[in-house]
Amino acid sequence: MEVTKDAEHIFHRYRWALGIVVCPYCGSIHVTQIGNEYKYKCNSCKNRFNDKTRTLLHGSKLSVQVWMLGLYEILSTNYISSIELATKLGINQKSAWLMLSKLRYALDESDIVLGNDSEDWISMDEAYLGGCLTNYHYSRKLRLLKERHFITDFSIEDAKKRGQRLYEKSDIYALNSSLKAPVFGMTDKGKAVLYATPNPIRKEYIREIYKGHVKGECLAVSDESRLYDGWTKEIGSPLVTNNHHNNHYIAHSETLHAQVSSNRIENRFSWLKRGFGSRITHCKYHQLYLNEWCFRFNTRDMSTEDRLGRAIEKMKGARVTLALIRESVPENKSFFSSCEAGFEIKRAKNSLAPDEIELIMSSGFAESIEDGHKKYYSKDYK
(Lines give C-alpha, C1' and ligand atoms only; values in the text may rest on other atoms or scores of the structure.)
Protein backbone atom coordinates (compact mmCIF):
# COMPACT_ATOMS: atom_id res chain seq x y z
CA MET A 1 0.00 0.00 0.00
CA GLU A 2 2.88 2.38 0.83
CA VAL A 3 4.53 1.72 -2.54
CA THR A 4 1.25 2.44 -4.32
CA LYS A 5 0.74 5.72 -2.46
CA ASP A 6 4.35 6.81 -3.08
CA ALA A 7 4.07 6.13 -6.82
CA GLU A 8 0.77 7.96 -7.11
CA HIS A 9 2.09 10.85 -5.04
CA ILE A 10 5.24 11.25 -7.20
CA PHE A 11 3.19 11.12 -10.39
CA HIS A 12 0.68 13.62 -8.98
CA ARG A 13 3.42 16.04 -7.88
CA TYR A 14 5.13 16.15 -11.27
CA ARG A 15 1.88 15.93 -13.25
CA TRP A 16 0.82 19.25 -11.74
CA ALA A 17 4.24 20.87 -11.41
CA LEU A 18 2.87 24.24 -10.25
CA GLY A 19 0.89 22.59 -7.48
CA ILE A 20 -2.44 23.61 -9.05
CA VAL A 21 -4.76 21.08 -10.69
CA VAL A 22 -5.93 22.41 -14.05
CA CYS A 23 -8.74 20.95 -16.13
CA PRO A 24 -7.13 19.26 -19.18
CA TYR A 25 -10.26 19.92 -21.26
CA CYS A 26 -10.95 23.64 -20.77
CA GLY A 27 -7.93 24.85 -18.78
CA SER A 28 -9.98 26.07 -15.81
CA ILE A 29 -8.50 26.05 -12.30
CA HIS A 30 -11.93 25.78 -10.66
CA VAL A 31 -11.67 22.09 -9.90
CA THR A 32 -13.21 20.00 -7.12
CA GLN A 33 -11.54 16.84 -5.84
CA ILE A 34 -13.75 13.75 -5.63
CA GLY A 35 -13.10 11.65 -2.54
CA ASN A 36 -9.60 10.85 -1.29
CA GLU A 37 -8.37 9.58 -4.66
CA TYR A 38 -6.76 11.62 -7.41
CA LYS A 39 -10.05 12.24 -9.22
CA TYR A 40 -11.51 15.62 -10.02
CA LYS A 41 -14.49 17.42 -11.48
CA CYS A 42 -14.28 20.68 -13.38
CA ASN A 43 -16.79 23.29 -12.22
CA SER A 44 -16.64 25.08 -15.59
CA CYS A 45 -17.09 22.35 -18.21
CA LYS A 46 -18.46 19.69 -15.80
CA ASN A 47 -16.00 17.05 -17.10
CA ARG A 48 -14.48 14.50 -14.77
CA PHE A 49 -10.83 13.55 -15.01
CA ASN A 50 -7.90 12.15 -13.06
CA ASP A 51 -4.11 12.45 -13.09
CA LYS A 52 -3.81 10.13 -16.10
CA THR A 53 -6.13 12.17 -18.33
CA ARG A 54 -4.42 13.70 -21.40
CA THR A 55 -1.10 12.04 -20.58
CA LEU A 56 0.76 8.99 -21.80
CA LEU A 57 -1.30 6.92 -19.34
CA HIS A 58 -4.66 8.14 -20.70
CA GLY A 59 -7.07 5.25 -21.28
CA SER A 60 -4.73 2.62 -19.81
CA LYS A 61 -6.21 -0.03 -17.56
CA LEU A 62 -2.88 -0.44 -15.77
CA SER A 63 -2.50 1.47 -12.52
CA VAL A 64 -0.16 4.40 -11.97
CA GLN A 65 1.97 2.17 -9.76
CA VAL A 66 2.61 -0.28 -12.61
CA TRP A 67 3.52 2.54 -15.00
CA MET A 68 5.89 4.13 -12.52
CA LEU A 69 7.61 0.81 -11.82
CA GLY A 70 7.99 0.24 -15.57
CA LEU A 71 9.47 3.72 -15.98
CA TYR A 72 11.88 3.05 -13.13
CA GLU A 73 13.03 -0.19 -14.75
CA ILE A 74 13.76 1.61 -18.03
CA LEU A 75 15.75 4.38 -16.37
CA SER A 76 17.74 2.13 -14.02
CA THR A 77 18.89 -0.57 -16.47
CA ASN A 78 20.81 -0.47 -19.75
CA TYR A 79 18.24 -2.62 -21.52
CA ILE A 80 15.11 -4.50 -20.49
CA SER A 81 13.02 -6.69 -22.75
CA SER A 82 9.25 -6.84 -22.74
CA ILE A 83 9.33 -10.42 -21.43
CA GLU A 84 11.52 -9.47 -18.48
CA LEU A 85 9.39 -6.42 -17.72
CA ALA A 86 6.21 -8.48 -17.90
CA THR A 87 7.64 -10.92 -15.36
CA LYS A 88 8.63 -8.16 -12.94
CA LEU A 89 5.33 -6.27 -13.18
CA GLY A 90 3.03 -9.29 -13.33
CA ILE A 91 1.41 -8.38 -16.65
CA ASN A 92 1.37 -10.11 -20.04
CA GLN A 93 4.06 -9.58 -22.66
CA LYS A 94 1.87 -7.59 -25.06
CA SER A 95 1.01 -5.04 -22.39
CA ALA A 96 4.67 -4.77 -21.38
CA TRP A 97 5.73 -4.24 -25.02
CA LEU A 98 3.14 -1.50 -25.51
CA MET A 99 4.21 0.13 -22.26
CA LEU A 100 7.86 0.13 -23.34
CA SER A 101 6.96 1.56 -26.74
CA LYS A 102 4.90 4.39 -25.24
CA LEU A 103 7.54 5.26 -22.65
CA ARG A 104 10.33 5.27 -25.23
CA TYR A 105 8.19 7.43 -27.48
CA ALA A 106 7.72 9.95 -24.66
CA LEU A 107 11.44 10.11 -23.82
CA ASP A 108 12.18 11.92 -27.07
CA GLU A 109 15.13 14.31 -26.83
CA SER A 110 14.50 16.21 -30.06
CA ASP A 111 14.39 19.53 -28.18
CA ILE A 112 18.01 19.28 -26.99
CA VAL A 113 20.28 22.15 -28.05
CA LEU A 114 23.99 21.38 -28.45
CA GLY A 115 26.97 23.69 -28.49
CA ASN A 116 25.83 26.26 -25.92
CA ASP A 117 29.42 26.76 -24.78
CA SER A 118 31.41 28.94 -27.20
CA GLU A 119 34.62 27.10 -26.26
CA ASP A 120 33.18 23.67 -27.00
CA TRP A 121 32.80 21.69 -30.22
CA ILE A 122 30.32 19.21 -31.72
CA SER A 123 31.51 15.69 -32.51
CA MET A 124 29.47 13.84 -35.12
CA ASP A 125 29.75 10.44 -36.73
CA GLU A 126 27.66 7.50 -37.89
CA ALA A 127 27.43 3.92 -36.61
CA TYR A 128 25.65 0.75 -37.69
CA LEU A 129 23.54 -1.48 -35.46
CA GLY A 130 22.58 -5.07 -36.03
CA GLY A 131 23.88 -8.61 -35.92
CA CYS A 132 26.76 -10.01 -37.95
CA LEU A 133 25.70 -12.05 -40.98
CA THR A 134 28.71 -14.36 -40.74
CA ASN A 135 27.18 -15.84 -37.57
CA TYR A 136 23.95 -16.79 -39.34
CA HIS A 137 23.13 -20.37 -40.25
CA TYR A 138 23.98 -21.45 -43.81
CA SER A 139 20.34 -21.96 -44.76
CA ARG A 140 19.42 -18.53 -43.43
CA LYS A 141 22.22 -16.92 -45.46
CA LEU A 142 20.90 -18.57 -48.62
CA ARG A 143 17.37 -17.42 -47.90
CA LEU A 144 18.46 -13.80 -47.38
CA LEU A 145 20.65 -13.88 -50.49
CA LYS A 146 17.73 -15.16 -52.55
CA GLU A 147 15.35 -12.54 -51.13
CA ARG A 148 17.79 -9.79 -52.14
CA HIS A 149 18.43 -11.38 -55.56
CA PHE A 150 22.14 -11.93 -55.01
CA ILE A 151 21.49 -15.52 -56.09
CA THR A 152 18.60 -17.26 -57.81
CA ASP A 153 17.46 -20.84 -58.32
CA PHE A 154 19.08 -20.75 -61.76
CA SER A 155 22.45 -19.60 -60.36
CA ILE A 156 22.31 -22.22 -57.58
CA GLU A 157 21.74 -25.07 -60.03
CA ASP A 158 24.45 -23.75 -62.32
CA ALA A 159 26.95 -23.48 -59.43
CA LYS A 160 26.18 -27.01 -58.27
CA LYS A 161 26.77 -28.42 -61.76
CA ARG A 162 30.13 -26.67 -61.99
CA GLY A 163 31.11 -27.46 -58.40
CA GLN A 164 31.46 -23.79 -57.48
CA ARG A 165 30.44 -21.77 -54.44
CA LEU A 166 26.82 -20.70 -54.32
CA TYR A 167 27.77 -17.16 -53.32
CA GLU A 168 30.83 -14.95 -53.03
CA LYS A 169 32.32 -13.37 -49.94
CA SER A 170 31.70 -9.93 -51.39
CA ASP A 171 27.98 -10.74 -51.50
CA ILE A 172 28.03 -11.58 -47.79
CA TYR A 173 29.79 -8.33 -46.93
CA ALA A 174 27.38 -6.29 -49.05
CA LEU A 175 24.33 -8.07 -47.63
CA ASN A 176 25.64 -7.59 -44.10
CA SER A 177 25.89 -3.83 -44.57
CA SER A 178 22.41 -3.70 -46.08
CA LEU A 179 20.84 -5.46 -43.08
CA LYS A 180 22.35 -3.10 -40.51
CA ALA A 181 20.58 0.06 -39.38
CA PRO A 182 22.64 3.27 -39.61
CA VAL A 183 22.60 5.73 -36.71
CA PHE A 184 23.79 9.34 -36.90
CA GLY A 185 24.94 10.93 -33.67
CA MET A 186 26.10 14.31 -32.37
CA THR A 187 27.45 15.23 -28.95
CA ASP A 188 29.13 17.98 -27.03
CA LYS A 189 30.83 17.61 -23.65
CA GLY A 190 27.54 17.15 -21.80
CA LYS A 191 24.68 15.93 -24.00
CA ALA A 192 24.11 13.71 -27.02
CA VAL A 193 21.44 13.04 -29.64
CA LEU A 194 21.13 9.96 -31.83
CA TYR A 195 18.91 9.47 -34.87
CA ALA A 196 18.05 6.38 -36.88
CA THR A 197 18.55 7.20 -40.56
CA PRO A 198 17.58 5.49 -43.81
CA ASN A 199 20.13 3.20 -45.39
CA PRO A 200 22.24 4.60 -47.04
CA ILE A 201 22.73 7.86 -45.13
CA ARG A 202 22.30 11.06 -47.10
CA LYS A 203 23.94 14.46 -46.65
CA GLU A 204 20.59 16.23 -46.72
CA TYR A 205 19.26 14.21 -43.79
CA ILE A 206 22.35 14.87 -41.66
CA ARG A 207 22.30 18.58 -42.46
CA GLU A 208 18.69 18.98 -41.30
CA ILE A 209 19.44 17.14 -38.03
CA TYR A 210 22.47 19.33 -37.41
CA LYS A 211 20.55 22.55 -38.08
CA GLY A 212 17.77 21.45 -35.72
CA HIS A 213 20.05 20.90 -32.71
CA VAL A 214 22.95 23.33 -33.16
CA LYS A 215 22.20 27.04 -32.89
CA GLY A 216 24.70 29.56 -34.21
CA GLU A 217 28.22 29.01 -35.45
CA CYS A 218 29.78 26.09 -33.61
CA LEU A 219 32.88 24.10 -34.50
CA ALA A 220 32.08 20.64 -35.91
CA VAL A 221 34.51 17.71 -35.75
CA SER A 222 34.10 14.54 -37.81
CA ASP A 223 36.05 11.89 -39.69
CA GLU A 224 37.01 11.96 -43.36
CA SER A 225 33.61 10.76 -44.59
CA ARG A 226 32.13 12.53 -47.64
CA LEU A 227 28.86 12.95 -45.77
CA TYR A 228 30.18 16.09 -44.09
CA ASP A 229 31.75 17.82 -47.10
CA GLY A 230 30.35 21.17 -48.18
CA TRP A 231 27.17 21.66 -46.18
CA THR A 232 28.91 22.72 -42.94
CA LYS A 233 30.34 25.81 -44.68
CA GLU A 234 26.92 26.65 -46.11
CA ILE A 235 25.37 26.94 -42.63
CA GLY A 236 28.38 28.79 -41.18
CA SER A 237 29.90 26.03 -39.04
CA PRO A 238 33.66 25.46 -39.47
CA LEU A 239 34.60 21.80 -39.88
CA VAL A 240 37.70 20.02 -38.58
CA THR A 241 38.40 16.55 -39.97
CA ASN A 242 40.24 13.71 -38.23
CA ASN A 243 41.75 11.35 -40.78
CA HIS A 244 41.03 8.01 -39.12
CA HIS A 245 42.31 6.13 -42.16
CA ASN A 246 45.82 7.39 -41.38
CA ASN A 247 45.36 6.92 -37.61
CA HIS A 248 44.97 10.65 -36.95
CA TYR A 249 42.45 11.08 -34.14
CA ILE A 250 43.37 14.55 -32.86
CA ALA A 251 43.54 17.78 -34.86
CA HIS A 252 44.35 21.37 -34.04
CA SER A 253 41.57 23.94 -34.32
CA GLU A 254 42.56 27.48 -35.24
CA THR A 255 39.12 28.68 -34.15
CA LEU A 256 39.37 27.41 -30.56
CA HIS A 257 43.20 27.31 -30.45
CA ALA A 258 42.98 23.84 -28.94
CA GLN A 259 43.21 20.16 -29.79
CA VAL A 260 39.86 18.69 -30.87
CA SER A 261 38.77 15.14 -31.58
CA SER A 262 35.75 13.13 -32.67
CA ASN A 263 36.37 10.50 -30.01
CA ARG A 264 33.48 11.88 -27.97
CA ILE A 265 30.84 10.48 -30.27
CA GLU A 266 32.82 7.24 -30.56
CA ASN A 267 32.55 6.97 -26.80
CA ARG A 268 28.78 7.48 -26.96
CA PHE A 269 28.46 4.80 -29.61
CA SER A 270 30.46 2.36 -27.47
CA TRP A 271 28.02 2.98 -24.62
CA LEU A 272 25.12 2.39 -26.97
CA LYS A 273 26.50 -0.86 -28.38
CA ARG A 274 27.37 -2.21 -24.95
CA GLY A 275 23.86 -1.43 -23.75
CA PHE A 276 21.88 -2.72 -26.73
CA GLY A 277 24.36 -4.60 -28.91
CA SER A 278 22.53 -6.78 -31.44
CA ARG A 279 19.31 -6.87 -29.39
CA ILE A 280 17.75 -4.23 -31.64
CA THR A 281 16.42 -6.33 -34.49
CA HIS A 282 13.46 -4.43 -35.95
CA CYS A 283 14.54 -1.41 -38.01
CA LYS A 284 11.12 0.17 -37.70
CA TYR A 285 11.47 0.92 -33.98
CA HIS A 286 15.16 1.79 -33.79
CA GLN A 287 14.42 5.42 -32.97
CA LEU A 288 12.45 4.42 -29.86
CA TYR A 289 15.47 2.59 -28.45
CA LEU A 290 17.68 5.56 -29.27
CA ASN A 291 15.24 7.88 -27.46
CA GLU A 292 15.59 5.77 -24.33
CA TRP A 293 19.38 5.74 -24.49
CA CYS A 294 19.68 9.50 -25.12
CA PHE A 295 17.39 10.31 -22.20
CA ARG A 296 19.37 8.08 -19.84
CA PHE A 297 22.66 9.58 -21.01
CA ASN A 298 21.53 13.21 -20.83
CA THR A 299 20.13 12.72 -17.31
CA ARG A 300 22.99 10.60 -15.97
CA ASP A 301 23.94 13.23 -13.37
CA MET A 302 20.40 13.54 -11.98
CA SER A 303 18.99 11.69 -9.01
CA THR A 304 16.44 8.94 -9.53
CA GLU A 305 13.54 11.13 -8.43
CA ASP A 306 14.59 14.02 -10.67
CA ARG A 307 14.87 11.60 -13.58
CA LEU A 308 11.37 10.33 -12.91
CA GLY A 309 10.10 13.91 -12.65
CA ARG A 310 11.58 14.94 -16.00
CA ALA A 311 10.19 11.80 -17.65
CA ILE A 312 6.71 12.48 -16.21
CA GLU A 313 6.83 16.04 -17.56
CA LYS A 314 7.47 14.58 -21.03
CA MET A 315 4.37 12.40 -20.67
CA LYS A 316 2.03 15.39 -20.66
CA GLY A 317 -0.04 16.06 -23.75
CA ALA A 318 -2.46 14.17 -25.93
CA ARG A 319 -3.20 10.48 -25.67
CA VAL A 320 -0.52 8.27 -27.25
CA THR A 321 -1.66 5.23 -29.23
CA LEU A 322 0.23 2.56 -31.12
CA ALA A 323 -0.96 4.04 -34.42
CA LEU A 324 0.54 7.40 -33.45
CA ILE A 325 3.85 5.74 -32.56
CA ARG A 326 4.01 3.95 -35.89
CA GLU A 327 3.27 7.15 -37.79
CA SER A 328 5.98 9.08 -35.94
CA VAL A 329 8.73 6.53 -36.53
CA PRO A 330 10.51 7.31 -39.84
CA GLU A 331 10.40 4.47 -42.32
CA ASN A 332 13.82 2.91 -42.84
CA LYS A 333 13.79 2.23 -46.56
CA SER A 334 15.50 -0.89 -47.75
CA PHE A 335 19.05 -0.72 -48.98
CA PHE A 336 18.18 -2.01 -52.41
CA SER A 337 15.38 0.42 -53.15
CA SER A 338 17.70 3.27 -52.15
CA CYS A 339 20.54 2.04 -54.35
CA GLU A 340 18.17 1.25 -57.21
CA ALA A 341 18.90 -2.47 -57.09
CA GLY A 342 22.57 -2.11 -57.97
CA PHE A 343 23.38 -5.46 -56.41
CA GLU A 344 20.61 -7.32 -58.24
CA ILE A 345 21.92 -5.97 -61.52
CA LYS A 346 25.50 -6.79 -60.52
CA ARG A 347 24.53 -10.40 -59.88
CA ALA A 348 22.37 -10.51 -63.00
CA LYS A 349 25.39 -9.75 -65.15
CA ASN A 350 27.15 -12.93 -64.00
CA SER A 351 24.60 -15.56 -63.04
CA LEU A 352 21.03 -14.84 -64.19
CA ALA A 353 19.33 -16.40 -67.16
CA PRO A 354 18.55 -14.15 -70.16
CA ASP A 355 14.81 -14.07 -69.42
CA GLU A 356 15.50 -13.15 -65.79
CA ILE A 357 17.80 -10.33 -66.90
CA GLU A 358 15.05 -8.94 -69.12
CA LEU A 359 12.63 -9.10 -66.19
CA ILE A 360 14.96 -7.02 -64.00
CA MET A 361 15.67 -4.58 -66.80
CA SER A 362 11.95 -4.01 -67.37
CA SER A 363 11.29 -3.31 -63.68
CA GLY A 364 12.74 0.20 -63.94
CA PHE A 365 15.65 -0.26 -61.53
CA ALA A 366 18.26 0.98 -64.02
CA GLU A 367 18.65 1.56 -67.72
CA SER A 368 21.37 -1.05 -68.18
CA ILE A 369 23.45 -3.50 -66.20
CA GLU A 370 26.53 -1.30 -66.41
CA ASP A 371 24.59 1.78 -65.25
CA GLY A 372 23.28 -0.04 -62.22
CA HIS A 373 26.77 -1.27 -61.38
CA LYS A 374 28.19 2.26 -61.65
CA LYS A 375 25.37 3.78 -59.62
CA TYR A 376 26.13 1.65 -56.61
CA TYR A 377 29.87 2.21 -56.70
CA SER A 378 29.61 5.95 -57.37
CA LYS A 379 30.59 8.53 -54.75
CA ASP A 380 26.96 9.30 -53.94
CA TYR A 381 26.50 5.91 -52.32
CA LYS A 382 29.78 5.75 -50.41
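# Chatting about salt bridges, strands and cores

User: Hi! I clicked on Arg296. Is it buried or exposed?
Analyst: Arg296 is buried, with a relative accessible area of 8%. Keep in mind that you are looking at a predicted model.

User: OK! Which side chain does Arg296 meet in a salt bridge?
Analyst: The partner is Glu292, and the N to O distance is 2.6 Å.

User: How far apart are Glu292 and Arg296 in helix α11?
Analyst: They are four residues apart in α11 (residues 286-298), so about one helical turn separates them.

User: And Glu292, buried or exposed?
Analyst: Glu292 counts as buried, because its relative accessibility is 0%.

User: How many salt bridges does the structure hold?
Analyst: There are nine salt bridges. One of them joins the side chains of Glu109 and Lys314, at 3.1 Å from N to O. That pair ties together distant parts of the chain, 205 residues apart: Glu109 sits in the loop between α4 (93-106) and β4, while Lys314 is in helix α12 (residues 304-314).

User: Which residues are linked with Glu109 in a network of salt bridges?
Analyst: The network links Glu109, Asp111, Arg310 and Lys314. Glu109 itself is buried, with a relative accessible area of 4%.

User: What does Asp120 form a salt bridge with?
Analyst: With Arg264, where the closest N and O atoms are 2.7 Å apart. This is another link between distant parts of the chain: Asp120 lies in the loop between α4 and β4, Arg264 lies in helix α10 (residues 263-275), and 144 residues separate them.

User: Are Asp120 and Arg264 buried or exposed?
Analyst: Asp120 is buried at 4% relative accessible area. Arg264 has 18%, and it counts as buried because the cut-off is under 20%.

User: Let's switch to strands. How many are there in the protein?
Analyst: The protein has ten strands, along with 17 helices.

User: You mentioned β4. Why is it called largely enclosed?
Analyst: Strand β4 (residues 121-129) has nine residues and eight of them are buried, so the rest of the structure largely encloses it.

User: How many bridges join β4 to β7?
Analyst: Three bridges join them, and the two strands run parallel; β7 covers residues 219-222. As an example, Trp121 has Leu219 in β7 as its bridge partner.

User: And in what sense do β4 and β5 pair?
Analyst: That pairing is antiparallel, over seven bridges, with β5 covering residues 181-187. Here you can look for Ser123, whose bridge partner in β5 is Thr187.

User: What do β5 and β6 form?
Analyst: They form a hairpin, with four residues between the two strands. β5 and β6 pair in the antiparallel sense over five bridges.

User: How many residues of β6 are buried?
Analyst: Five of its five residues, so strand β6 (residues 192-196) is mostly covered. Ala192, Leu194 and Ala196 point one way from the strand, Val193 and Tyr195 point the other way, and all are buried.

User: Now the core. How many residues does the largest nonpolar core have?
Analyst: It has 48 residues, and those with the most contacts inside it are Met99 and Leu194.

User: What is Leu194 in contact with, leaving aside its neighbours within four places in sequence?
Analyst: Its contacts include Val183 and Phe184, as well as Ile265, Phe269, Leu290 and Trp293. There is also a second, separate core of 18 residues, which includes Phe184, Tyr195, Ile206 and Cys218.

User: What about the surface? Which residues form a nonpolar patch there?
Analyst: Leu18, Ile20 and Ile29 do, with about 360 Å² of accessible area together. Ile29 is in the loop between α1 (2-15) and β1 (31-33). Ile29 is exposed, at 54% relative accessible area.

User: And what share of the protein's residues count as buried?
Analyst: Of the 382 residues, 46% count as buried. The protein exposes about 20,400 Å², and carbon and sulfur atoms supply 49% of that area.

User: Last one! Among contacts with a separation of 6 or more, what share is between residues 24 or more positions apart?
Analyst: Those residues account for 63% of such contacts in the protein.

Note on methods:
Residues are numbered from 1 along each chain as its sequence is written. This is a predicted model: local features need pLDDT of at least 70, side-chain atom pairs count only at pLDDT 80 or more; totals for chains, interfaces and linings use all residues. Side-chain values use heavy atoms; hydrogens and water are left out. A nonpolar core is a set of buried Ala, Val, Leu, Ile, Met, Phe, Trp, Tyr and Cys residues joined through side-chain atoms within 4.5 Å. Buried means under 20% relative accessible area, exposed over 50%, partly exposed in between (1.4 Å probe, protein chains only). Contact means heavy atoms within 4.5 Å. Patches are made of residues with over 30% relative accessible area and no salt bridge: like charges are joined within 9 Å, nonpolar side chains (Val, Leu, Ile, Met, Phe, Trp, Tyr) within 5 Å. Accessible areas come from the Shrake-Rupley method with a 1.4 Å probe; for residues, only the protein chains shown count as cover. A salt bridge is a side-chain nitrogen of Lys or Arg within 4 Å of a carboxyl oxygen of Asp or Glu. Two strands pair if DSSP finds at least two bridges between them.
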